[in-house]
Amino acid sequence: MSDSSPGPVVLDVWCELQCPDCRTALSDLRALRARYGDGLELRLRHFPLEKHKHAFAAAQAAEEAVEQGKGWEYVEAVLARVEELDREGEPFLVRIAGELGLDADEFDTALVDGRHILIVDADQAEGKAIGVTGTPTYVIGDERLDGGKSQEGLRERIEEIADRLLAG
């Protein structure tokens, strides 16, 4: 086993699709993706906040997008238009799927049958267990970085940790 190269470093991104701070974080995530490519695996984790009434549905829709192969693309598209999500709710989530060329009917069905609720609930429970209180929150290595308060310097901190982990 010792000759196998280490896998990518995992960055868990606890995110909420009705959260303006998560929209702000997208430029950092794009930069990290550009810098590390396959060396850094960004994992979308859900932490819908009760104050946002469409966040739970949006998290389920994001999981459907992951299943259809366009998870992050979908997340970015929804966050870019968070005001429309505020106003329209689920019809907006289905419309974005169609705009991205995903199966919008399947999104509609997934939101009705709740097939992704368990994933969202599990993420939320795990987030609470490790002390996530707001979004975005990042976990890399064994460090939790809270971007809900301020995102200042967070990307640099993530890069430091990623560089250290990748250097092994």
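**Hairpin.** I began with the turn between strands β3 and β4 of this predicted model. The two strands form a hairpin with two residues between them. In the turn I looked up G141, which has a positive phi of about 60 degrees. β3 covers residues 137-140 and β4 covers residues 143-146; they run antiparallel and are joined by four bridges. For I140 I noted E143 in β4 as the bridge partner.

**Strand β1.** Next I went from β3 to strand β1, with which β3 pairs in the antiparallel sense over four bridges. I then checked β1 against strand β2, residues 40-46, and found a parallel pairing over seven bridges. I looked up D12 on both sides. Its bridge partner in β3 is V139, and its bridge partner in β2 is R43.

Is β1 buried or exposed? I found six of its seven residues, 9-15, to be buried, so the strand is largely enclosed by the rest of the structure.

**Crossover.** I followed the chain from β1 through helix α1, residues 20-36, to β2 and recorded a right-handed β-α-β unit.

**Aromatic rings.** How many aromatic pairs does a search of the whole structure find? I got one. Stacked would need planes under 30 degrees apart, and edge-to-face over 60.

Technical notes:
Residues are numbered from 1 along each chain as its sequence is written. This is a predicted model: local features need pLDDT of at least 70, side-chain atom pairs count only at pLDDT 80 or more; totals for chains, interfaces and linings use all residues. Side-chain values use heavy atoms; hydrogens and water are left out. Buried means under 20% relative accessible area, exposed over 50%, partly exposed in between (1.4 Å probe, protein chains only). Two strands pair if DSSP finds at least two bridges between them. A crossover is right-handed if, with the strands pointing away from the viewer, the path from the first strand over the helix to the second runs clockwise. Rings of Phe, Tyr and Trp (its six-membered ring) pair if their centres lie within 6.5 Å; planes under 30 degrees apart count as stacked, over 60 as edge-to-face and the rest as tilted.
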